[in-house]
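Subject: Structure for your review

Hello,

Please find the structure below, with the sequence. My notes on a sheet and on a single side chain follow it.

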Amino acid sequence: MAGVLDGLTVLDLSRAVAGPIATMLLADHGARVTRIEPPGGDPWRELSGYRVWNRGKRSAVLDLKRAEDRQCLIDLARAADILVESFRPGVTERLGIDYPTLHAVNPRLIYCSITGYGRGNRHSGRPGYDALVAARTGLQWEQRGWPGTPMDHVLGRPGPNPELEPPDGCAQGAKREGPLFVYSPWPSIAAAYLASLGISAALRAREITGRGQWVETSLLQGAMAACVAGWARVENPDAAGYRTWVMDRRSPKGLMQCRGGRWIHQWPINPFAVVEAAKADRLDDLSQIARNRDHPARIGMEPDELSILFYYYPLMAEAFRKFPAEDWVRFGARLDVGLQPVRTPEEALQDPALLADGCVAEVEDPQLGGIRHAGILYQMDTSPGRIQGPAPRPGQHTEEVRQEASATRAGACAPAHKQPLSAALEGVTVIDLGLAVAGPFGPKMLADMGASVIKVNALYDGYWWSNHMAIAVNRGKRSIAIDLKDRRGREVVYKLVRRADVVAHNMRHGAAERIGMDYDTLRAINPRIIYCHTRGFDRGARLRLPGTDQSGAALAGIEYEDGGCAGGGTPFWSPTSLGDTGNGFLAAIAITQALYHRERTGVGQKVDTAIINAALLTTSYAYITADGKGAARPRLDPMQTGLTALYRLYETAGGWLCLAAVAQRHWRQLCAAIEQPELAADPRFAAAPDRARHDAELAAILQALFRTRTAAHWFDLLDARGVPCEISSPDFSRQMFDDPDFARRGWTVSYRHKHVGQLEETGLLCDLSETPGRIRGPAPLCGEDGVEILAELGYGAEEIKQLCAAQIVLDGRDPNAARGIKRPPRQTQAAPPRGA
């Protein structure tokens, strides 16, 4: 069966991380992708990820500064479907290959631009390196987080319980103050997702309108996506249930060291199970455990629960040290506790279950032989993806591509005149059965693209829906709360499905089948339905286990790399992680491509992905050869300051400076700016290979120098000389909601939420020129639209009254009822439970 994008032609003019990953996903699903590389080669080609991200593509070398080669590209664009570029704003205009020029040649062309900061704002001209975007946007400060919540920081106020001090070892991150540099390039990973989704939505729109359009996103918008659950300014942050302790910098994140030194990640944190289990002589002897949800002192997510976690943390640390990690993993698998080992990316690629699943793949590389790396990361049953081959040699297909360009020289491509469309997913109805963050985030992105999303809540979801995470990932939806275990409740959903285009959920394996929400049942009701199921893990032995952002980050190697463990650091889970939300992005991309496929064929299908797949995309810079050896690549230092002396954070006399002097010219400019010509002449630092051998020495020299003046001083000095750098800013999130450019572009939005009052949060993160996204409003309250939705389905007033009275459907119009039908209340205690 052909891939969903079979027959599409893509021109890839992008560099670095985001663009190559986005076009890799296109190639994996059938598109014919041609990389257009400059003479002398792409300066980013030495990245280890290039061997992964450029798989299945062709490569042609064109000098776009020469009229002949520029015309060659224009001729190629005449017949292309998609072009992806990552030049700074203004460069494509100077080259004569900008969107207006190529749109005139081919009105059906989808032209995607991925920049550092987008066009038309005060940041637009800044250098768009990942580390610098993370510095300028404050993402480096969000790694460690703030006492309390990010929302308190935005408001400039102390968080709850400021007097609480965490026990030793509880708070994660390097043992120093200040921002943290992590290995994962979060802005680029998120921008890759955003570009892929924008392109997919534009493809669906083109099937209806006949026209292409300009798709734009940026690493800045990627940073916003990474902080979607924390960057908000609210009128009433003290609203019941709004805050959680999860992002508090003092809180335990579930990372524990076991006997033998290996680390493990437990999430959700269940101290009762662990402390009780450690009383046994052997974990394998245990047949049952105390569960958090059943314990009389059940730990919730409210900030006040932090004191109980602090009490248990030393007891948990001691318990985990009693047994080796493999015993704890076996214990978790047997008794359904979220426990996964922290692995290196290379260990993940050797996992036979991931290879069997297809989310890790083997490819025959012409230079290295067989290599393993991230595989197909979302599956489509009617139009499956496949890796089309290894990465090409630079210029391998130049002559072939030139001949194709000559054959396309003709008049402009005329679009077919079809019906207009106001938003890319206008007319699409989505039924969202998703849970927590990983499930609802994908439908939230579909809502931003214009889909009508109906959130089907459980009756007791009001508790969860009060918090900042739920509010962030459910905006633009309508909500109906239903008891799906009751036949009458299921019938309501079946009526919704008959009118719907998409059903999405992330229930545990087997749960959808038990309540009649499986694909076969819903396809029988609506054969055109697109059904998306996302998982925590691969489809092997872990399939039935509780999967989370944290467990995916542990298994795929993210936590190992972000903590600088190769150099002696400790594992680190990033609050800006793209596990749950990455799962949602992959789901949204797969759904949108399935909608495109259905526009062409009339056929629905099942699509799926997993949190572990999103985690593997984040670590897709890694590959291993047949002997198990990993690719050579820089490593993060254990103090989480950077990858090399010239790509890292430096503490100054006032503030932190982030440096990204990645090119030889940057090194010369740096030496001139700091008036240290002897460094440029020093044979230890003359060229990049020399500096790599003496990296620690160079870092020590620069650190001593930078400590003598403030970050502002060094920024002015270096920036004037063209050295890429930024001050690592803790204040970006406090300023973003007052930025008129962001508001004008719709990158931030403001509206009233019924629970927290006036709410400002991140807005549209991908811009489409002809079918722009739209945000319908804030997240609803649990069940808020239930009565209205029932009426639309044809239920009469008396039937609706009966369904609500029987607690089959919640009448969420009442703000008190909208908090849901509660689970049995916990027994609160002033002190930790006795016998703990």
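The side chains of Glu-760 and Arg-233 are joined by a polar contact of 2.8 Å. Please keep in mind that this is a predicted model.

Glu-760 belongs to strand β26, which covers residues 757-762. The relative accessible area of Glu-760 is 17%, so the residue counts as buried, the cut-off being under 20%. Leaving aside residues up to four places away in sequence, Glu-760 touches Trp-231, Ala-232 and Arg-233, and also Phe-737, Val-749 and Ser-750.

The other item is an open sheet of four strands. Its order is β21-β22-β23-β24, and the pairing is antiparallel. The edges are taken by β21 (642-644) and β24 (725-727); each has a single partner strand, so one side of each lacks a neighbour in the sheet. On average, and with direction ignored, neighbouring strands of this sheet are turned by 35 degrees against each other.

Helix α30, residues 695-706, lies across β21, β22 and β23 (656-660) and runs at about 35 degrees to β22. Helix α31, residues 711-720, packs on the sheet and touches β23 and β24. The direction of α31 makes about 155 degrees with that of β24.

Regards

Conventions
Residues numbered from 1 in each chain as written. Predicted model: local features only at pLDDT ≥ 70, side-chain atom pairs only at ≥ 80, totals over all residues. Heavy atoms only, no water. Pairing = 2+ DSSP bridges. Helix = DSSP H or I, 4+ residues; strand = E, 2+ residues; numbered from the N terminus. Axes fitted to C-alpha atoms, helices over the stretch in contact; angles between N-to-C directions. Contact = heavy atoms within 4.5 Å. Buried < 20%, exposed > 50% of the residue type's maximum accessible area, 1.4 Å probe, protein only. Polar contact = N/O pair within 3.5 Å; in protein donor to acceptor, adjacent residues only side chain to side chain.
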